[in-house]
Amino acid sequence: MSVQEIYDARHGEQGGYIAGATGDWELIIGMEVHAQVSSKAKLFSGAPTDFGGEPNEHVSLVDAAMPGMLPVINEFCVAQAVRTGLGLKAQINLRSVFDRKNYFYPDLPQGYQISQFTFPIVGRGEVRVDMPDGGTRIVRIERLHLEQDAGKSLHDQHPSMSYVDLNRSGVALMEIVSQPDIRSAEEATLYLEKLRTILRYLGTCDGNMQEGSMRADINVSVRKPGGPLGTRCEIKNVNSMRFIRQAIEYEARRQIEILEEGGAIRQETRLYDQVKGETRSMRSKEESHDYRYFPDPDLLPLELTQTWVDEIAKSLPELPDAKKARFISGYGLSAYDASLLVADRETAEFFERVAKGRDAKIAANWVITNLFGALNEAGKTIETSPVSADALGRLLDLLADQTLSSRLAKDVFEIMFLSGDAPEKIVAERGLRQVTDTGAIDAAIDAVMAANPDKVAEVKSGKDKLLGWFVGQVMKSTGGKANPQMLNDALRQKFGL
Amino acid sequence: MTDLTELSLAQARDGLRAKKFSALELTDAYLAAMAAARVLNCYITETPERAREMARTSDSRIASGKAGALEGIPLGIKDLFCTKDVLSTAASHILDGFKPAYESTVTTNLWREGAVMLGKLNLDEFAMGSSNETSYYGPVINPWRRTGDTAKLVPGGSSGGSSAAIAAHLCVAATGTDTGGSIRQPAAFTGIVGLKPTYGRCSRWGIVAFASSLDQAGPMARTVRDTAILLGVMAGHDPKDSTSVDRPVPDYEAALTGDIKGMRIGIPAEYRVDGMPAGIEAMWSRGANWLRDAGAEIVEISLPHTRYALPAYYIVAPAEASSNLARYDGMRFGLRVAGKDLTDTYEKSRSAGFGAEVKRRILIGTYVLSAGYYDAYYLRAQRVRTLIANDFKAAFEKVDAILTPATPSPAFAIGARNEDPIGMFLNDVFTVPANLAGLPGISVPAGLSEDGLPLGLQLLGKAFDEETLLRVAGVLEDAAAFTARPAQWWRA
Amino acid sequence: MSVNTDTVRRIAKLARLAITDEGLAPMAHELNVILGWAEQLNEVDTSAVEPMTSAVETTLKQRPDIVTDGHIQEAVLHNAPLAEHGFFVVPKIVE
């Protein structure tokens, strides 16, 4: 099958075309993600990789490309790349080569970047993306390779000079290249989120886009469905999910407009201007780049053993897809709930601790609705949650053994969240136990009935709906502690309903 | 008192240990000789204060019985090695004012063993050349002259400053680097000994890189023994250099047993090039006879791809150099010539900073790596390289060392070969194959040409078998009994 | 394969070397002499061999993930033609 036919076969039946003036257009997207490897030291030098810091403080003489300096590879970065490849179900290439990519720029002190061109460390793999409609899109990974990051230039400090900080120069990056299997801006962000989740599960990249740990270059082209592939443009260095969506949407419209007016797309590199909300041609990088790749003679080919790769494979954690499947089959959760819980490894582990020996669906509900809700509002994360998994679990126990009603449990949870106190302590100190004593409930009901004879009469005359009012009043008088079910039953009994 | 500069390294070492003279006296003798020989232009930077301070330290170490292997020995350092806080130029304008905050591994080894630094020696710019005529700091004059002639001759290159300084007794010994012959060829042109170790034997960390897969630091000295002593200190694994090999360093001096009985010495047919001067052919045969007389077996061998070594070298070396020299851009160190913007500044700085030969090689290198030409030139040359290495592997199944002339001619006049780049390249015809194959080679003075200029014989060895190389070289040296010295016409 | 003045101009740009217009033709000539001489490599049958990947037979040494370097801002900026507030100061690229 030709590449054309494969595209059409895989995606022809999907909807989501963009309507243009001359008909529908299909959006073809591929992404190159640069993910910073989580490591203490840089790829070829022993300088630290910490974010921030004074300029040129995290720089070794090797990073600064002083005369006579030489690269020495960090074995952990190699392992991280292999780990990532395994997480992407990809082929690990036991032999790979580092090539020099030659060009001049002040943030590239060597005048070349050490990368991998011909023989990357990881080959083909895939990422499964769960679509909102319940389906799954498979985005194929073409390759993953290791390369050095460049430094940073500040252009706005001076009219004619730039300020260069080489702290980031030499940090290990994994470049993850997808096939052009993505068909919409939404899919692109879902793909990136899934990729980010996988990397975070593996511990190979923290996925912190604000700090630049993960950036995406997006290749965008459009075509008439079933038609030949269009010319693509590359949008470089987009560093937030929101901008990725906006950039793709803008670029798609831009290209469609040009084509519908009978023009042609010029293959070029563009930047997303987040202020103006548009993509702009990078005119200065317009000159054809001849990178003159050749194997770096300061390094030897990287040779891995299958045994070593297998050791790493054994140490992989359970990955999101497998975990999600297990949550669905093992805990009986819905696909949607399972997705939410596995989005983060810490969240999944939190949930499982809560669910252990308890009703999993109730646990899932509490984590997703109550805990997530509170965390989001307070701007906290699972890691900084004031309510631990054990504490939440014990709250659910109090609910299960009827010590608390569901309403009381919510109240106790709120207090737990604010105070960090244990649920038992809160219940004891505030006497928040559910009232399940029928005598007490009867007494409370009698009191309200006695105080409101007119309402009693109304109910007796047929206004059943006023029962709700009685429920409210009894709840108020018992400080919300009356067991709702028992209260309802008792009320009905008293009214003879 | 005897002129202390007459002593070889071994003699000076023994003399210092026997306290016949002090390290300071020895250093002062050399400083005086250097001051009187500036016309030769061997040194780019002299470091007399540092030298005397190091010598004083050596004297106290000798006194307390803590002498290192090179304690108190005054050395010259080719100005391709970065030396901490001392101007390091690579003989280029583009490294104006560059004083590194770090020391190369090889020189660190030397200072650790107590050697004394006299200064930084002149060389071809960025080690690109075979005559030391491309230096920003001017050419080096060979202390040797043709009989009855005052024409200035080249000392060879790129380690021309090193070779001339040793020949003129302006240092006991020196470091050089050899990428295509830059130690062996100048050694032959100046009647001294020069050794290029196996690739990976010495660390390249802190040495300005020319062609990474070919560069190798090595010792240059008056005698084979001196060379062996110096190699023992320079060599060794360096974890900061990924191409440095982790193998123990043998006692090279102990290898000089003088006994080569039963050794097989190869004579490669392809090194008999057209138009080779009769004197060189004759010297080569004489050398073979000396070794036969010492009990070795002479074996005719074939290295079929020899003639392709030079063209392959002139593709691979410039290609690597074009990339290695990209960091000389005026942004972080060295010369910056301000332009109207970034690109203009790059171009102005590099064009003003690099000499013509360097620019030519950068252009060739950029071209052969560029899109569309990479396969045809660079990859092809790297394949030829494999063939050349395979030739040697096959030959070394039959022989223990290979004997060849070091150069196709003796030293020539300054300016004589400037119009003819290929002619200049041919100086390295015998030395380049060893660099391509990563094998060790040594040049030993073997005799004089018709007009009284030194000629050298080269020995090539198996990988990491510098011991055999030195042993055979020692036998050659004894047989040649080369005692000729240049007349000291340069002393003011 | 012949190098003309346009090629020299393009290569010089890639290498960030300024060659005057008058210098283009002589440089093209020099390059052609050298490249022409190197053409003899085409005589060799290289089909049975791989390009040499390393002159030394050893494996790539790797180092552990420990911070052993950095925090030498002064040394890094020591030789800079222009530095300020810890940054290298360089001309801007004209967009």
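**View 1. Chain B, with its 15 helices and eleven strands**. Helices (H or I, at least four residues) and strands (E, at least two) are DSSP runs, numbered from the N terminus. This is a predicted model, where local features need pLDDT of at least 70, side-chain atom pairs count only at pLDDT 80 or more, and totals for chains, interfaces and linings use all residues. Residues are numbered from 1 along each chain as its sequence is written, with chains lettered from A and ligands numbered from 1 in the order written. Along the principal axes, the C-alpha atoms of chain B fill a box of roughly 65 × 55 × 50 Å. Of its 492 residues, 64% count as buried (20 or more other C-beta atoms, placed from the backbone, within 10 Å of the residue's own).

**View 2. Where chain B meets chain A**. Chain B puts in 34 residues and chain A 24, a contact being two C-beta atoms, placed from the backbone, within 7 Å. On chain B's side, the elements giving two or more residues are helices H9 (309-324), H10 (342-353) and H11 (356-369). H9(B) has the largest share, three residues.

**View 3. Helices H15 (467-477) and H16 (484-495) of chain A, packed together**. Their axes sit 11 Å apart at about 125°; axes are lines fitted to C-alpha atoms over the stretch in contact, and angles run from 0 to 180 degrees between N-to-C directions. From H15(A), the contact uses A:Leu467, A:Phe470, A:Val471 and A:Val474. H16(A) answers with A:Leu487, A:Asn488 and A:Leu491.

How values were computed
A residue is buried if 20 or more other C-beta atoms lie within 10 Å of its own, exposed if 12 or fewer, and partly exposed in between; C-beta atoms are placed from the backbone.
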